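Please read the following report with the sequence and the model side by side.

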Amino acid sequence: MRIPRPQFREIDVIALGTALVCVVLGVASSHALNADGVSYLDLANALRRGDWSRFVQTYWSPLYPAIAALGSIVTNRDGAQLLPVVHAINTALGVLAIGIVWRHVRGARSVFAERPVSGYY
């Protein structure tokens, strides 16, 4: 009995390449920070300290600072030492998103395979 070989499609190559670029950018920018990043790290530090009056506000989303605070607690880092951890979290979330889209697209049937192209006119 022959075991069929897996077929690689364009989406596999695209997803793998995109995930690789995501990892390279995550490593290359592991010590960079913009103004939004500063605010998110401030909120993560406020949550870690239990300072709810600084954490709860209406401008910034609370989910990402909560994830960053969890990373801060797990690694026992804060401030500038938290930057590589936050970039690792960003990279992991990016690769996860790429994986979710890849799995969805890989499992989807092609619309064009179901009927001839002339059926669209």
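At 24% relative accessibility, arginine 106 counts as partly exposed, a class that lies between buried (under 20% relative accessible area) and exposed (over 50%), computed with a 1.4 Å probe on protein chains only. This is a predicted model, in which local features need pLDDT of at least 70 and side-chain atom pairs count only at pLDDT 80 or more, while totals for chains, interfaces and linings use all residues. Residues are numbered from 1 along each chain as its sequence is written, and side-chain values use heavy atoms, with hydrogens and water left out.

**Salt bridges**

Side chains of opposite charge can pair when their charged atoms come close. A salt bridge is counted here when a side-chain nitrogen of Lys or Arg lies within 4 Å of a carboxyl oxygen of Asp or Glu, and the structure holds two of them. In one, arginine 106 meets aspartate 12, with 3.2 Å from N to O. Aspartate 12 belongs to helix α1 (residues 10–28) and arginine 106 to helix α5 (residues 83–107), so the bridge ties together parts that are 94 residues apart in sequence. In the other, arginine 49 pairs with aspartate 51, and their closest N and O atoms are 3.7 Å apart. The table lists the accessibility of the side-chain partners.

| Residue | Relative accessibility | Class |
|---|---|---|
| Aspartate 12 | 10% | buried |
| Arginine 106 | 24% | partly exposed |
| Arginine 49 | 54% | exposed |
| Aspartate 51 | 22% | partly exposed |

**The chain as a whole**

The protein chain has six helices and zero strands, where helices (H or I, at least four residues) and strands (E, at least two) are DSSP runs numbered from the N terminus. Of its 121 residues, 23% count as buried. Contact means heavy atoms within 4.5 Å, and among the contacts in the protein chain with a separation of 6 or more, 57% come from residues 24 or more positions apart.

**Two helix pairs**

Two packed helices are described by the angle between their axes and the distance between the axes. Axes are lines fitted to C-alpha atoms, for helices over the stretch in contact, and the angles run from 0 to 180 degrees between N-to-C directions.

The axes of α1 and α5 come within 9 Å and cross at roughly 175°. That makes α1 roughly antiparallel to α5, since angles under 35 degrees count as roughly parallel, over 145 as roughly antiparallel, 65 to 115 as roughly perpendicular and the rest as oblique. By class, this contact has nine nonpolar, five polar and two charged residues; Ala, Val, Leu, Ile, Met, Phe, Trp, Tyr, Cys and Pro count as nonpolar, Asp, Glu, Lys and Arg as charged, and the others, Gly among them, as polar. The residues of α1 that take part include Asp12, and those of α5 include Arg106.

For α4 (residues 63–75) and α5, the axes come within 10 Å and cross at roughly 125°, and the two helices are therefore oblique to each other. From α4, the contact draws on Tyr64, Ile67, Ala68, Gly71 and Thr75, and from α5 on Val85, Val86, Ile89 and Asn90. This contact has six nonpolar, three polar and no charged residues.

**A buried serine**

Serine 72 also has its place in helix α4, and at 1% relative accessibility it counts as buried. Leaving aside neighbours within four places in sequence, serine 72 is in contact with Arg48, Arg77, Asp78 and Leu82.
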